[in-house]
Amino acid sequence: MPKYFSIPSSLHIIQHAPLIWLAWTLLVAVKQLIRFFPAPDAPLNGDARWVYLPNARLLMDDPWGFLTKDPSSLHVAPLGYIWPALWGADVATIQLVNCVLFLACIVLMWRSATRLGGMWAGIVSTALLAYYPEFRRYIPQVLTESIFLFGLMLWITSSIEYITGNHRRFFWLFWGGTGLTITLLARPVLQFFAVCALILVTAACWCLRKTTHQTISIQSVRDVINKHLCVALLAALLLPGTIVLKNGVCFGFWGISTGAGTGLYYGVSPFKMGLEPVFSGFSYDAGHTPRAVAPETLGNPLKQLSDSINRRVAINIIENTSLSDNLKFFAFKLKSWLLYSTPELRITPKLRTLRTFEWIVISAAAFLLCGRALRKIRSGTSSQWIATCGQTPRTLVVFALLLTGALSMALQLTPVLYNGRYNLFFMEPWLILLAGQSVAILLSRSEKSLGGGDDKFTWQWFISRIGLAAALIALPLALTKYSLENENWAMDPYRPGPTEVILDSKSMGAARAQRGSNTDGLRWRIEETPFQLHIPLHPSDVPALSPDHTLDAIWRFRFAIEPPDEPLTQDGDCRKATLSLSNAYTLQEWYRPDAALQLKANGVPQTYAISGNAELRPAGPGELTLTFHCPKGTYVIWESAELLRSTLAEAAYQYIHHGRAINSYRLNEPQ
């Protein structure tokens, strides 16, 4: 037998399997980054071109003057310009260093996951991080997400080492504090977490100091929650706090950076549904509204005054929206943060599949832990139940903390602009690590299967885990497929924000049908699929329809779909009606939303709303066509249509200058 087939050699390979896997994962990540590394002449993203690099050059030219006299230093968190300045504002160097940081994040993810669940946890977590479809696209860019991810992983890894280990505690406290500081200076989404953690830890230290009980459990808690942890958290907040103080003294702005008001403005937009405006076919108007209110802002949404205006407008919209509508709206937003948005489901379905997998394994692990705990409690051996899941009390505490962190992050982000990049970098690190630990818990062997004397239970455990693996692969795929077929979203036609009519029935001719018979006035019976309804448009004021005059327009329609008592054919799908214009403006954005109405075929008149921008914006006289794919025998009862212009900027002016509340509702039907 050749030497390389010897048993000692095989054992040597098995012993080094973790390192082999880590090396392989890093190699895969390098190949992915090389594939997506921008060409030298590739256009820069808007943030890098207009904010990060110009500010970095200003910092290099006059550091003190820029930080204390130039309001541009407020427009992004400090590492947005300090990090590029460290590399001479050279685009290629920044992109390369960001790639190196991502590779370091994979190593940190491996370390964290293996500490929590062993090799299987490390394999799952690093595989998710390296293979996730969107990381490779954003990492080799001049953005702050890479440095944020590195700081977050450094903080999480150090925290896990501090909580689960008993050695080098000051070492891990130092690096944990450093990682937290980096995240706060790159993307300050953890600022409230850090302040709350400091308050809670300080209170816990005071309570532990007052207690007179000296048990092993209390001593174990004291090993983690102590004055050294308080000092580390305080030190992590020191530099961000200094930035806040500098901004307050020099500019009268008591925060790390502007942008929160603009994020809230987009996040509560009624007609954009709080998502990226491009997803619904609307424009980015966070500069348009402040310019209408205060022309000195010059339409820059990052200016301090613009941010303040956008924040006040957003809060007023929330205050003047009913509780039920707010709950419904923010529930939709929360779902997007937890599962990715509906538009992304169609753009990149793999994102929904992977996120569904993560939540399934996390939920399954939590149920398994609870089930085994209950059995142990009933049997009177509750003190030993955690060990049966391959976990220790401290690693289970980390599991609970990570889950709390992920859910808290989603809740914190719910009111602000939903952005796929934010979801990826702010949510995934927690969930990827949780998924790895959860898989390790699910693969842990029960006491019966660990008892070597009974092969029956061993085989039962082995077969059950094969079935579990198959289910974990099949279920997310099936749920994603179901969502693709059935999940829809649409704006509330009765809450489009402040609007005015720019095209009504007076500017429309008589509707005519194709492949349908008129039975009574505006009632048509579908004789053949697809059925089309044509509405001539004769706008009296064509310039008012142009994007220069009307930034955002909204179509509203009212009609009923009455299904036949018994479908005369099995062909047809009455879930959607597509829209088209014979004379329209062209699409300027990278994404084209589905120009379709989600129908309710119940015979009751319904009001629908959809974007009236780009290919659905009339450029002059023409014809609007609605195409239905309903089965033969279906009735379409037409009522009316109208095109609205968003007047949010004007409403914001009235609110800021005259105190008139912003009314987001339009309760009357299209006329």
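Q: Is Cys205 buried or exposed?

A: A word on the source: this is a predicted model, where local features need pLDDT of at least 70, side-chain atom pairs count only at pLDDT 80 or more, and totals for chains, interfaces and linings use all residues. Residues are numbered from 1 along each chain as its sequence is written, and side-chain values use heavy atoms, leaving out hydrogens and water. Cys205 has a relative accessible area of 17%, so it is buried (under 20% relative accessible area; over 50% is exposed, in between partly exposed; 1.4 Å probe, protein chains only). Cys205 is in no disulfide (a pair of cysteine sulfur atoms within 2.5 Å); its nearest cysteine sulfur, that of Cys230, is 3.7 Å away.

Q: Which cysteines does a disulfide join, then?

A: In general, a disulfide is a covalent bond between the sulfur atoms of two cysteines. Here there is one disulfide, joining Cys574 to Cys630 with an S to S distance of 1.9 Å. Cys574 sits in strand β7 (residues 573-581) and Cys630 in the loop between β10 (622-629) and β11 (635-646), 56 residues apart. Helices (H or I, at least four residues) and strands (E, at least two) are DSSP runs, numbered from the N terminus. The link of Cys574 and Cys630 is right-handed, with 75° about the S-S bond, and both cysteines are buried.

Q: Which residues touch the most other members of the largest nonpolar core?

A: In soluble globular proteins, nonpolar side chains tend to be buried together. A nonpolar core is a set of buried Ala, Val, Leu, Ile, Met, Phe, Trp, Tyr and Cys residues joined through side-chain atoms within 4.5 Å. The largest one here has 123 residues, and Phe102, Phe135, Leu190 and Met409 touch the most other members. Helix α6 (residues 91-131) gives the most to this core, 18 residues. A second, separate core of 32 residues includes Ile535 and Phe628.

Q: At what angle do helices α8 and α20 pack?

A: Two packed helices are described by the angle between their axes and the distance between the axes. Helix α8 (residues 145-164) and helix α20 (residues 393-413) pack at about 145°, with axes 9 Å apart. Axes are lines fitted to C-alpha atoms, for helices over the stretch in contact, and angles run from 0 to 180 degrees between N-to-C directions. Among the residues in contact (heavy atoms within 4.5 Å) are Ile156 and Ile160 of α8, and Val398 and Leu401 of α20.
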